[in-house]
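User: I've got this one open on my screen and would like to talk it through. Can we take it piece by piece?

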Amino acid sequence: MAQVARGYARAKQVTRHHAKSFFFASYLLFGLRRKAAFALYAFCRRLDDMVDGDDAASAAEALPARLARARQRVAELYLSMPELASRELGPPAQRVKVAEAATPWDAGEFAALEHTVRHYRIPEQPFQDLISGMEMDLTLHRYTTWAELDLYCYRVAGVVGLMLTPVLGCSDAAAVEPAADLGRAMQLTNILRDVREDLERGRVYLPAEELAAFGLSEEDLKRGQVDARWRSFMRFQVERSRAYYARAAAGVHYLTGFGSQRMVRLMGAIYGDILRDIEARDYDVFSARAHVTTRRKFALASAAMVLPRAVLPVSQDEVRMPLLPTGTGGLS
């Protein structure tokens, strides 16, 4: 258990360093739930670093092998829990084999992850889907349609909600979609915030079809011009993001773990507040990075404690996704 304890401590350090908003919201969790959230985040972060980290360019050829090894490491977790293993990929015993490819996980971090998976009985499929999302980042640097981007958002963020749901005290199948929708909302928020940074990395996540529907092109993005077309496009994307936050809010009541509902509401509110800052900047995401100040985070945290239902509120009306100007697009 010493290795597990060390792994949880390392996972906490990783989370504090790389995910300040998530770490801030985690103060509303207690005991093993909080440690488990750190273990899950550390796993996700190591995968992300494998693709986007400083050594990714020099090790590009090794990445497919390393991701394949990551799949095997995940399968190893489920050798003694075949009932939770991926039905899509088959029995884990048939997928585990000797591999030379390196993985970025410290032994303690992985021991903490195994402890979390066993204690909360987290299914395997979300972990494997997350690796599929990382594989998309290796091959797709542009997205044509919303359907393509939606799949990416689900795989790299929506599934994280599915991993966390058992930790937060829920086994109700009805919570699956709201959990995935919160991940989608947060990932789309990241994409809208990071347009400039992604361009600098040679990536454009905004769907080309939707840019074209507003008369925009990749060249317009590179110029960083904020005009009527860009504002209209961003209003559309912000509205879509908020629709996903609203869908997620409808599932918060399924969470029964102490502090879980407030934590999720606060996390959604902090990320949703990035959209408010984008609007305050007149949709200029090119000259500076939208963010939520520490003072604002504390204000949201206070609201989550005193009036939790006012933070990430449930919509009183049916949540509808916006439609493109052409009358197509928008997920209902």
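Predicted model: local features only at pLDDT ≥ 70, side-chain atom pairs only at ≥ 80, totals over all residues.

User: Is leucine 312 buried or exposed?

Analyst: The cut-off for buried is under 20% relative accessible area. Leucine 312 has a relative accessible area of 9%, so it counts as buried.

User: What is the phi of leucine 312?

Analyst: Leucine 312 is not a glycine, yet its phi is positive. The value is about 55 degrees.

User: Which element gives the largest share of the lining of the second largest pocket?

Analyst: That pocket holds about 290 Å³ of space and has 15 lining residues, with Tyr245, Ala269, Gly272, Leu312 and Pro313 nearest its centre. Two or more residues each come from α12 (228-249), α13 (260-280) and α14 (294-306). The largest share is 5 residues, and it comes from α13.

User: How many charged residues are in the lining of the second largest pocket?

Analyst: Split by class, the lining has 9 nonpolar and 2 polar residues. The charged ones number 4.

User: Which residues does aspartate 273 contact, leaving aside its neighbours within four places in sequence?

Analyst: Aspartate 273 belongs to helix α13. Its relative accessibility is 5%, so it counts as buried. With those sequence neighbours left aside, the contacts of aspartate 273 are Val292, Arg296 and Leu300.

User: Over to α6 and α7. What are the angle and the axis distance for that pair?

Analyst: Two packed helices are described by the angle between their axes and the distance between the axes. Here the pair is α6 (residues 125-139) and α7 (residues 146-167), and their crossing is left-handed. The angle is about 145 degrees and the axes are 8 Å apart.

User: How many nonpolar residues are in the contact of α6 with α7?

Analyst: On the α6 side the residues include Phe127, Leu130 and Met134, and they meet a set in α7 that includes Leu151, Tyr152 and Val159. The contact also has 2 polar and 4 charged residues. The nonpolar count is 12.

User: How far is the C-alpha atom of leucine 67 from that of alanine 228?

Analyst: Along the chain, leucine 67 and alanine 228 are 161 residues apart. Their C-alpha atoms are separated by 42 Å.

User: Last topic, the cavities. Which helix gives the largest share of the lining of the largest cavity?

Analyst: There are 3 cavities of 30 Å³ or more, and the largest has about 50 Å³ of space. The largest share is 3 residues, from helix α9.

How values were computed: Residues numbered from 1 in each chain as written. Heavy atoms only, no water. Axes fitted to C-alpha atoms, helices over the stretch in contact; angles between N-to-C directions. Helix = DSSP H or I, 4+ residues; strand = E, 2+ residues; numbered from the N terminus. Left-handed = near helix turned anticlockwise from the far one by under 90°. Contact = heavy atoms within 4.5 Å. Nonpolar A, V, L, I, M, F, W, Y, C, P; charged D, E, K, R; others polar. 1 Å grid on protein atoms, 1.4 Å probe; cavity = no way out; pocket = protein on both sides within 12 Å on 5 of 7 lines; lining within 4 Å. Points joined across faces, edges and corners; volume = space filled by probe spheres on them. Buried < 20%, exposed > 50% of the residue type's maximum accessible area, 1.4 Å probe, protein only.
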